[in-house]
Number of protein chains: 2
Amino acid sequence: MRSKEPGQLNQLIAERRCIRRGDALFRAGDPFNSWYAVSTGSLKSTVASLDGRAQVTGFYVAGEVVGWDGIHTGKHSFDMVALEDTEVRVLPYRQLESGARLLPALHTDLHKTMSREIVRDHEMMLLLGSMRAEQRLAAFLLNLAQRLKTVGRVNSGFTLQMTRAEIGSFLGLKLETVSRGFSRLARSGLIELNCRQVRIVNSLRLRRVLHATPAR
Amino acid sequence: MRSKEPGQLNQLIAERRCIRRGDALFRAGDPFNSWYAVSTGSLKSTVASLDGRAQVTGFYVAGEVVGWDGIHTGKHSFDMVALEDTEVRVLPYRQLESGARLLPALHTDLHKTMSREIVRDHEMMLLLGSMRAEQRLAAFLLNLAQRLKTVGRVNSGFTLQMTRAEIGSFLGLKLETVSRGFSRLARSGLIELNCRQVRIVNSLRLRRVLHATPAR
DNA sequence: CGGAAGTTTGAAGATACTCAAGCGCAGTGG
DNA sequence: CCACTGCGCTTGAGTATCTTCAAACTTCCG
């Protein structure tokens, strides 16, 4: 779901839709009809289990495709909520399907979009299962920076559209742990941090945080 | 990748292939050609990051479909290793693609197989991010029992084909923690445990372990 | 401007990890 | 045949990391 949209998807004529910050693009249980290409803004996906437990399972930014969970049940399986005012292009599944039958390249694109998400999810499982707090934060920042850079933002910094609590939920940490971790990375001179505003000062050393040290 | 294979997939004529315990069905970097339907036996998938870090990201049993990571790169993105002697049916991707163009139901099946995996992965991320050790173990056992039961094994017990270390890697725990957790669940009378042999004695209370208590 | 929400930081406590030792089983070779 | 070795499992004691609880500060938005 986090995938860059491949070439063919870009060329589909598609209706646009705006979602206000805090509103849902769709919710768990909603009927599944379309995929969505994020034009501007950003979103989070959240799973809720039967009991109260809930977790942010992904963040999605401009240039990525979301919404194709729930093909197999016909219903969306999680909530997709806008972190800021966001615009998406609607790609009706019916059209994608028939289009794919005529245009093999599109068919492959759809599969690529999905398989890429699997790979990312497995990387995320690796992170959640084997890294300690500060490593998770470093991985998170590097990943986000990379994804934002590719859609042409300023290289030298970006804004976190999510709260510490949301980051913590995503990374399997408490919000206090996130805060402390950021503070330490800043004190060490790896990043500059002004509340939501982040700049990666020393990406080499930040990357080294990942590789170095204990596998937990 | 963990998905039950839907109807159309079952009817494809397919070559069979046997994998000895410990051998790989494919490895990260191998060219991607086929999907595989597991006939008998079981497998694990493992991701390795650039540094030494590695993790089991999934277990797969008879009736499930694996191998369609790597569509987007043309190469497999992780290793798939047999936990016991295992037989799979080979479903060449070319054939699936052309078949899907003729047979819309198959096309949908492929998508279902993939979207189901996403949903499962997100559940796994929820587990890794928000549960404590004993809850993870309970979730693991319940999930595995359910998947084995549906392919017609004895209801009253099953054999773990993986080591404690592999379970730990999958659940983000150390092998000692897995061992202690199993022992406690056994002492509490929720399960019976004889090394690799497990029986869920009180599935209600085991389920309650999940729901109860702290969200970490 | 004021209240609510979000962030930072400290201190105390809990969970899971590390290190370590012992047991049992399977396969190997003397 | 049986000791021997390796591997996997269990259990204990001490420790590190992360969480919990709490308080104060800042930012955002109506």
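Which residue forms a salt bridge with B:Glu64? The partner is B:Arg147, and the closest N and O atoms of the two are 2.9 Å apart. You will meet this pair again in the second view below.

This is a predicted model, in which local features need pLDDT of at least 70 and side-chain atom pairs count only at pLDDT 80 or more, while totals for chains, interfaces and linings use all residues. Residues are numbered from 1 along each chain as its sequence is written, chains are lettered from A and ligands numbered from 1 in the order in which they are written, and side-chain values use heavy atoms, with hydrogens and water left out.

View 1. Look here at A:Cys18, which is exposed with a relative accessible area of 60%. B:Cys195 is exposed too, at 55% relative accessibility. For these labels, buried means under 20% relative accessible area, exposed means over 50%, and partly exposed is in between, using a 1.4 Å probe and protein chains only.

**View 2. The salt bridge of B:Glu64 and B:Arg147 in chain B.** A salt bridge here is a side-chain nitrogen of Lys or Arg within 4 Å of a carboxyl oxygen of Asp or Glu. Side chains of opposite charge can pair when their charged atoms come close. B:Glu64 and B:Arg147 make such a bridge, at 2.9 Å between the closest N and O atoms. The pair links distant parts of the chain, 83 residues apart: B:Glu64 sits in the loop between strand S5 (54-61) and strand S6 (65-66) of chain B, and B:Arg147 in helix H4 (residues 133-149) of chain B. Both B:Glu64 and B:Arg147 are buried. Helices (H or I, at least four residues) and strands (E, at least two) are DSSP runs, numbered from the N terminus.

**View 3. A salt bridge between two helices of chain A.** Over all chains there are twelve salt bridges. In one of them, A:Glu134 meets A:Arg184, with 3.3 Å between the closest N and O atoms. A:Glu134 belongs to helix H4 (residues 133-149) of chain A and A:Arg184 to helix H6 (residues 175-187) of chain A, so the pair ties together parts that are 50 residues apart in sequence. A:Glu134 is partly exposed, with a relative accessible area of 21%, and A:Arg184 is partly exposed at 46%.

**View 4. A salt bridge from a loop to a strand in chain B.** B:Arg27 and B:Asp79 meet through their side chains, at 3.0 Å from N to O. B:Arg27 is in the loop between strand S2 (24-26) and strand S3 (34-40) of chain B, and B:Asp79 is in strand S7 (residues 79-82) of chain B, so the pair ties together parts that are 52 residues apart in sequence. B:Arg27 is partly exposed at 38% relative accessible area, whereas B:Asp79 counts as buried at 19%.

**View 5. The protein surface near DNA strand D.** A residue is near a molecule or strand if one of its heavy atoms lies within 4 Å of it. Of the 18 residues around DNA strand D, A:Arg21, A:Ala133, A:Thr177, B:Arg180 and B:Ser183 come nearest. By class, this surface has ten charged, five polar and three nonpolar residues; Asp, Glu, Lys and Arg count as charged, Ala, Val, Leu, Ile, Met, Phe, Trp, Tyr, Cys and Pro as nonpolar, and the others, Gly among them, as polar. H6(B) gives the most to the surface near DNA strand D, with five residues.

**View 6. Phosphate oxygens of DNA strand D and their protein neighbours.** Of the DNA strand D atoms within 4 Å of the protein, 67% belong to sugar or phosphate and the rest to bases. A backbone N or O atom of A:Ala133 lies 2.6 Å from a phosphate oxygen of DNA strand D. An N or O atom in the side chain of B:Arg196 is 3.0 Å from a phosphate oxygen of DNA strand D.

Note on methods
Polar contact = N/O pair within 3.5 Å; in protein donor to acceptor, adjacent residues only side chain to side chain.
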